Amino acid sequence: MMAKTNKGVSSLSHHDNNDATVSELKEKLRGLVNIIVEKKSDYNYTIQQTTTDEAIATLQLLKHFNQNSSFSNKLDQFLVPPLFRCPISTQLMTDPVILSTGQTYDRPFIQRWLNEGHRTCPQTQQVLTHTILTPNYLVRDMIAEWCRERGIELPKLVRDTDEVVTNADRDHLNLLLHKLSLSVSDQKEAAKELRKLTKRMPSFRTLFSGDVIPQLLSPLSTRNALIHPDLHEDLITTVLNLSIHDDNKKVFGEDPNVISLLIDALETGTIQTRSNAAAAIFTLSALDSNKHIIGKSGVIKHLLELLDEGNPLAMKDAASAIFNLCVVHENKGRTVRDGAVQVILKKIMDNVLVDELLAILALLSSHPLAVEEIGDLGAVPYLLGIIREAAASERSKENCVAILYTVCYSDRTKWREIREEEKANGTLSNLAKCGTSRAKRKANGILERLNRSIYLTHTA
C-alpha cells in the first residue's frame, strides 16, 4: 500500500499525468485521506507529513478546477515552465521579446515598463544600451509547440499596453484599499492616488471586481463626505473613471450602494463632485439593463435639479445622463413627472444647451403628459422660431419638427396656431424642401395633417 502511495505522491508532485480529470483527483484524494486516517503505528512522521501536504495540494487543485470548467487549461497553468513565463507578469508569454541585456519578456509588459520611463532591465537592473525589442522566435515557437501538445489555444496577443495588468498593480491596489480603512489622512492620500491611476491607466480599471467596491467606498459610508469634500470628490471621481470600463458597468449599476452614493453626491457634493456623479450616471446608463435600475432609483429628479441650477460645469453632464435614461420608455414618464419639460424649455428659451435639450424633449414628446405640457407652456411658436433661425443647427431643426409632429397628431387645439404661422412664414414648407431627410418627412407629415384638417370641424 505504501508503494502505491509513493507512486501517487510522485505523480501528483511532478504532474506527469496531464490528462488527469476531476474524478481522478478525487480518487487520489480519497486514497491519501485513507492513508492519513488509517495510519499504522509504524507510520513514519516524514511520510505522514508528505502525504498530508499532498492531500492539501490535491484539495486545492480540486477547488480551483471546480471554479472553472476549462479544467485541462487550468491544470496546465500550474505546469507552465519558467522559461515560458514573463518575469514581470509571471504569465505565459504571448509575444516574447529580448531586451538589450539578453533577458526575455512578454512584449506588452516590458513595453509598458519602458513607456513609464524606465531604462534598466527589471531583472538585472542593468542600464539598457538601447530600447529596441527583438522578437524571440525560438521561445515563441517552443511555447506554440508546448500549447499544441496539450491542446491549449495559444493566448491572444496584447498589442495595447494600456490593457496590461501586472502583479505590482494588484499589490498597489491592495495597499491603497487598505489605506482607505485607516486614518482620514491615509484615506485622502489613497483616494487621490486611486483617482489618478484610474484616469491615466485603463488597465487599472480592470482590477475592480464586486468584492472591491465596498472597500473603495467605505470612507463615504461614514458620512466623511460632508466633513471632507476633497475625499468625497476623489472617490466619486474614481467611480466615474472606473465606470468607463465596460466590465465595471454591470457590476456598479447593479450595486445599490454605488447608485445610492452617487445620489448622495448629487445632493450634497461640491459642484465638481456633483458634475462627476452625473457623468458616472451617464456612463453607467450606457448599459440598457442599468437604464432600468438607475431610473427606478430616484436619481432623475436630482439630475434635473442640477440642470435647473445652471452651472455650466454640471449642466452638460446632467443633460447627457438624462438623455441616456430617457431612451427607456418607463423613464420618460418618471422624467416628465419630475418636471423635466418646464426645466428644459426654460433652458432652451435662455439659449442654453439647445441641441442637447431639444434631443431630450424630442424623446419625451412621445409621452402624453409631455405633449400636454409643451402646449400649455407655449412652446409651439418658440419651436417654429428655432426652425426659422438660420443659425440653428440641422439637429435642432430636426428635433423641433419631430416634437411639433407629435404635438400636431396629439393635440388638435394647436392646429390653428401652426397653420397661421405657416401661412405667415412658410416655415414648414421651407424645411420640407431644405431640411434633413427626417426633417423633411416630419414637416410634410404636419403639412398633410393641416391640409386635411381644413375639412374637419375645428373645436379649439
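Biologist: Which helices do the buried residues of helix 19 pack against?

Modeller: Helices and strands are here DSSP runs (H or I of at least four residues for helices, E of at least two for strands), numbered from the N terminus. Contact means heavy atoms within 4.5 Å. In this predicted model, the buried residues of helix 19 pack against helix 16 (288-296), helix 17, helix 18, helix 20 (340-349), helix 21 (354-364) and helix 22 (368-376). The model is predicted, with pLDDT of at least 70 required for local features and 80 or more for side-chain atom pairs, while totals for chains, interfaces and linings use all residues. Residues are numbered from 1 along each chain as its sequence is written, and side-chain values use heavy atoms, with hydrogens and water left out.

Biologist: Which residues of helix 19 are buried?

Modeller: Buried means under 20% relative accessible area, exposed means over 50%, and partly exposed lies in between (1.4 Å probe, protein chains only). In helix 19, residues 329-337, the buried ones are Asn331, Lys332, Gly333, Thr335 and Val336. Just after this helix, Gly339 adopts a positive phi of about 95 degrees. For the chain as a whole, 46% of the 460 residues are buried.

Biologist: At what angle do helix 17 and helix 18 pack?

Modeller: Axes are lines fitted to C-alpha atoms, for helices over the stretch in contact, and angles run from 0 to 180 degrees between N-to-C directions. Helix 17 (residues 299-309) packs on helix 18 (residues 312-326) at about 145 degrees, with the axes 8 Å apart. Their crossing is left-handed, a term for a near helix turned anticlockwise from the far one by less than a right angle, clockwise being right-handed. Helix 17 contributes Val299, Ile300, Leu303, Leu304, Leu306 and Leu307 to the contact, and helix 18 contributes Ala314, Met315, Ala318, Ala321, Ile322 and Leu325.

Biologist: How many salt bridges does the count come to?

Modeller: A salt bridge is a side-chain nitrogen of Lys or Arg within 4 Å of a carboxyl oxygen of Asp or Glu. By this rule the count is 18. Some join residues of one helix. An α-helix has 3.6 residues a turn, so residues three or four places apart point the same way. Arg148 and Glu145 form such a bridge at 2.7 Å, N to O; they are separated by about one helical turn because they lie three residues apart in helix 6. Arg148 is exposed at 55%, and Glu145 is partly exposed at 35%.

Biologist: Are Lys291 and Asp288, which meet in a salt bridge, buried or exposed?

Modeller: Lys291 is buried, with a relative accessible area of 5%, whereas Asp288 is exposed at 54%. Their side chains meet at 3.2 Å, N to O, and both residues lie in helix 16, three residues apart.

Biologist: Which residues are linked with Lys192 in a network of salt bridges?

Modeller: The network links Lys192, Arg195, Glu233 and Asp234. Within it, Asp234 and Lys192 meet at 3.3 Å, N to O. This pair links distant parts of the chain, 42 residues apart, with Asp234 in helix 12 (residues 229-243) and Lys192 in helix 8 (residues 184-200). Asp234 counts as buried, at 3% relative accessibility.

Biologist: Which residues make the nonpolar surface patch of about 290 Å²?

Modeller: Patches are made of residues with over 30% relative accessible area and no salt bridge, joining like charges within 9 Å and nonpolar side chains (Val, Leu, Ile, Met, Phe, Trp, Tyr) within 5 Å. Accessible areas come from the Shrake-Rupley method with a 1.4 Å probe, and for residues only the protein chains shown count as cover. Leu83, Leu138 and Met142 make this patch. Leu138 lies in helix 6 (residues 137-149) and is exposed at 59%.
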